[in-house]
Amino acid sequence: MKIMYWALPLAAWVLSPLMLGIINRVKAFFAGRRGPPVWQLYYDLFKLLQKASVYSKSTSMVIRVAPSVVLACMALCTLMLPWGELQAPVTFVGDIILLAYLLGLARFATVLAALDTGSSFEGMGASREVQFAALAEPSFFLGMLVLVLHFGFSGLSDMVSGISLETWHTSGVLLILVGCSWFVLLLAENSRIPVDDPNTHLELTMIHEVMVLDYSGPDFAFILYVASLKMWIFAALVVNLVVPMHSLTPWLQAPVFLLGIVFVMVLVGVVESILARLRLQQIPKVLLGSAILSLIALIVRLMG
Amino acid sequence: MTIISVLLILSCLLLLGSSRLHVAIRVVAAQGILLGVLPLIRAVGDIHYGIWILGLSTIISKGILLPWLMTVCVRLSGIRREIEPFVGFGPSLLCGTALLGLAVWITTRLQLTPAEAPLVLLTSSFFAIFVGLFLMVARRQAITQSLAYLVLENGVYGVGVCMSLDFPFIVELGILLDVFVGVFLMGNLLFHLDREFEHLDTDKLTELSDLSAPATAVEEHA
Amino acid sequence: MELFILGCVIPIVLGVGVLSISRSKAASWIAAFGVWLGCGIAAVPVISALAGHVLAPLQIAWNMPGGSLSFGLDGLSAFFCLPILLISPLAALYGCTYLAHEKKPLGPASFFYNVLTASMLLLLAARNGLLFLVVWELMAVSSFFLVVFDDEKAHVRQAGWTYLIATHIGTAALLVLFAIMGRQANSLDFDLMAKAGFSPAMATALFVLAVIGFGAKAGFMPLHVWLPEAHPAAPSHVSALMSGVMIKTGIYGLLRILTLLGNPSAAWGWTLVVIGLVSGILGVAFALAQHDLKRLLAYHSVENIGIITLGIGAGLLGLAWHQPTLVVLGFGGGILHVLNHAIFKSLLFLGAGAVVHSTGTRDIDHLGGLIKSMRWTGVTFLVASAAISGLPPFNGFVSEFLIYFAAFSGVRAGAPETVVLTIGIAGGLALIGGLAAACFAKAFGIVFLGEPRSSHAAHAHEVGAAMRWPMVALAGACLGIGLLAPAAVKLVLPAVRVVAGDGAESSAESVATAMRSLTGIAYASAGLLLLVVGLFVIRRYLPRGREETATGTWDCGYARPTPRMQYTASSFAQPLTDLFRIFLGTRKRGASPAGFFPQPTTFETQTPDAAREYLFAPLFRLIDRSLAPIRRMQRGRIHEYLLYIAIVLVLLLLWKAGGRS
């Protein structure tokens, strides 16, 4: 049974670039275009891994080490994700705290690599990135608190394995509220509209995109792959929370999980197509709003 | 009922954070409809025609009539957005969080059992009252202030529905009359303010006071 | 125990000896040797106390009324000795090279350094109130003389006065505290005071006095005002010792008084939680707005003291609510953070000292690109930055994880107060961690990365071996504690048992769960390091045979980018400082460039300490004005003063004589 536990991380490592392709396809559909093939990111990664790299003279070892650090953090995070009742390979009480802080370490490395280039564009992106991250972390932890309050404090795998249809009957509102809150965080952390535009490269709109301007070749391949892994991690958290896996037979859980992730990706694509990007000053309000959603969930849990 | 309470809280937060008047009016209309549906849900199994009339009249007056009046006012004066308020929109949200905590604290102090009153609904109603008061103080536009008055009234209504089921019809009529008079007066005021001063910033009403320099009031007229 | 006292006395003796050869270059080296020897000798009893051996206390009679020279080492004292024993020798070694080029005689500075170290060790072992106060004052005075080492500069003198006044306000509160406690217990010995019962009202009053007295030393907001003045003014190895070690003696004092006061009420816990949250969040907000490197680090000390206090407050609430898990893990996390903060904060100050030594400026906006010329300093500073932001695999994460664990374990849906506590701790710690990461991305990024922004930075050089090795050792300790997390927590447990007393009973199971999680974290950290190394090797191996080219940074086609166009510290932190502008009160001076061919212009931001500007300065001005009439009594004539003394003596005599008959 232990080997089965590695199936989800393996699925994450193999399938995550596909998910970004799905989002792009959905956005193209809304725009009336045909769009790139869903396998496009695989082609890009393959092409980039074969290129040579170009480094800026202003940089030091920080930008050379950063892609490895970021990929290591994300890989370790995928090892901590459960799916339904199937446990993650790495699980212990409080592992969700480690997950949040590993994401923080990845962000720290990215920001430092951006400052390493000595470019004011990247400094701008880094500055905005740390601002939004500082506001997004409490929101994530408040959502975590609702989970802990409802399911008891244990490893992530144990906490979500009990979500079933009965849970939806009794406390469906909680799951929806925290799910919405974490979905907003997904949009913020993965640089999706309405927080950030992943397609443009103007300094007015960039937060994450601008920090990777000076990567090339295999480094850039690592960074793109990490972006897809990060999207998978957040989507997996939302799917684990919202889908009542406990009520399904074990064999059905894996396909339903994957379908869930695809559905989240489609939802992200729809949201990106419908909404416009917010002004930068509005984004702290959005993050505060997602924190308040978790607070409301807490209140409902306490009062009802 | 939990869903209605959560939607009530979310609508109040939206009012705190948004600066566009059309959005605010629609949100208050939605609140009115939610609160109209509320006694029907509360009285499931025990519905008699009084409850139906109560619910329907609430929906019509708070959800349709008054918002329509507001929209007419807004269109007549041509205002689209809230001008820079005393408390910015981000800090308003933070204050909203604090007010939510206050509402929770008050509800727990009352020490009611869930059988007597649904606690989440009570919390959200108190929150609506506080948000209404806050918006009246913190915003400059007269229209927003009358909207805030409506929100306050929604909160009071919510508390009333929580506490008892057989709500005397007369009291409800009285409350509605209150609202009507309030809105009527405010509408009048808006119209006059607009005509005399060509803007609706209630903060500038201080210039009417004898204590301030009369020269500025003369300049405004000219 | 005698060994411990010997270890304390050796540095003092050697320090006094060094005063005679003040002008020689060997002075600081001999004094440093004294510190190493003393700490080495004192380490033996400390380790045996931590291992569980009960040391026999030492008692020597003293002819001061109420005082006795009684020393003892229990788990709590032994744990707080660890930072001193680790950091004093390393900082002393660092200081030898750091001050080597000074034109002043180094004898007095080395003497006071040794006295400071010894007095801190003696303080932790003191078991009598009067002895405690005497050693406390000794510590304050010796650190004052160290702070004003550069006393030819006016701002250093000013900082020294601020420090002296602040520490004496704290001492005044402590005097009152010990006086009341001694009166109630009829003795100033800690053992006897522990047995005396205090009524709840008196206990609360004593607690408030302890918070003020020890909080002034530790740096609770708003009593922190001396920290941002004194730490930048002092030489860097002294700042490291003060910030890393000396302010923890305030925490130690607070914990010791808590063990003497009996059962805490929930209000005490909430007070500490609120102080912790306010100090933490506002401390890091102020740090974000600074562009003086050492002032930034000083504000981070305030923030971390806030985190420690948060853990201790959670522990107190656990005692009041009878939740052993919360007690053990809350105190454990807070006390472990004492050691962790000592390590990474001293490392940060030593690194900052290396930067100042090498470039001659503390202003972040004039530095840049130093990692290329100061590789060791850069890497160790990076390790410390990651550690202070609480990122795995370093030690900061371990103590923050324990505090989170305590809060999440203790939360119950039926008990709303636990939920409020957990909201405060989880939300607060997450916010503090995020802001700290932002601030250190700024500090490390602008100082060490990019291109040099001034000629100071362009001509930097790596520092000597005696300055490098202490930093490397401390960085290794940061990583070591992160990888050996369960062992570190085992170190803390004796101290927690002393503080928690009976409250720690029946917590064994949750402690075991926490240990399992920490083992998981240790494995995850090790795995992370292996993965990073492995991926880096793969990455290096991938483009075999392909050329690696170097070029300029992408500048969007701009013809002539200069290093001055890089992001500065203030611009990096601007989104966050704007969020907190109500608390910060930043003053901006300058104009935007105007016109098609703009003239040179300047822009400057200054963030004075809000507590100092709006609380203490007006307060002191008020006191000044109201006490002005009394100045008529002080006209500088010695005969008048002698007259006053004579009158008071006669009055006392009459009072005593009159009372007798």
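A:Leu213 sits in the loop between α8 (165-189) and α9 (217-242) of chain A. This is a predicted model, and in it A:Leu213 is buried, because 21 other C-beta atoms lie within 10 Å and 20 or more count as buried.

**Around A:Leu213**
- Setting aside neighbours within four places in sequence, A:Leu213 is in contact with A:Phe121, A:Glu122 and C:Trp554.
- A:Leu213 and A:Val111 are 102 residues apart in sequence, and their C-alpha atoms are 12 Å apart in space.

**Where chain C meets chain A**
- Here 69 residues of chain C are in contact with 65 residues of chain A.
- On the chain C side, at least two residues each come from α14 (370-373), α16 (395-410), α17 (416-448), α21 (508-541), β3 (549-551) and α22 (569-579).
- The element of chain C that gives the most to this side is α17(C), with 16 residues.
- Sorted by class, the side of chain C that touches chain A has 42 nonpolar, 19 polar and eight charged residues.
- A strand pairing also links the two chains: β1 (residues 54-56) of chain A and β3(C) run in the parallel sense over three bridges.
- Within β3(C), C:Thr549 is the bridge partner of A:Val54.

- Helix α13(C) covers residues 324-359, and its 36 residues should span 52 Å at 1.5 Å a residue; the end C-alpha atoms are 51 Å apart, which agrees.
- Most of α13(C) is covered, with 35 of its 36 residues buried.
- Just after α13(C) comes C:Gly360, which takes a positive phi of about 85 degrees.
- Helix α12 (residues 293-321) of chain C and α13(C) have axes that come within 7 Å and cross at roughly 170 degrees.
- Because angles over 145 degrees count as roughly antiparallel, α12(C) is roughly antiparallel to α13(C).
- The contact of α12(C) with α13(C) has 16 nonpolar, ten polar and two charged residues.

**Helix α5 of chain B**
- Helix α5(B) takes in residues 119-138, and its 20 residues should span 28 Å at 1.5 Å a residue; the end C-alpha atoms are 28 Å apart, in agreement.
- Of the 20 residues of α5(B), 16 are buried, so the helix is largely enclosed by the rest of the structure.

Methods. Residues are numbered from 1 along each chain as its sequence is written. Chains are lettered from A and ligands numbered from 1 in the order in which they are written. This is a predicted model: local features need pLDDT of at least 70, side-chain atom pairs count only at pLDDT 80 or more; totals for chains, interfaces and linings use all residues. Helices (H or I, at least four residues) and strands (E, at least two) are DSSP runs, numbered from the N terminus. The expected span of a helix is 1.5 Å times one less than its number of residues. A residue is buried if 20 or more other C-beta atoms lie within 10 Å of its own, exposed if 12 or fewer, and partly exposed in between; C-beta atoms are placed from the backbone. Axes are lines fitted to C-alpha atoms, for helices over the stretch in contact, and angles run from 0 to 180 degrees between N-to-C directions. Angles under 35 degrees count as roughly parallel, over 145 as roughly antiparallel, 65 to 115 as roughly perpendicular and the rest as oblique. Ala, Val, Leu, Ile, Met, Phe, Trp, Tyr, Cys and Pro count as nonpolar, Asp, Glu, Lys and Arg as charged, and the others, Gly among them, as polar. Two residues are in contact if their C-beta atoms, placed from the backbone, lie within 7 Å. Two strands pair if DSSP finds at least two bridges between them.
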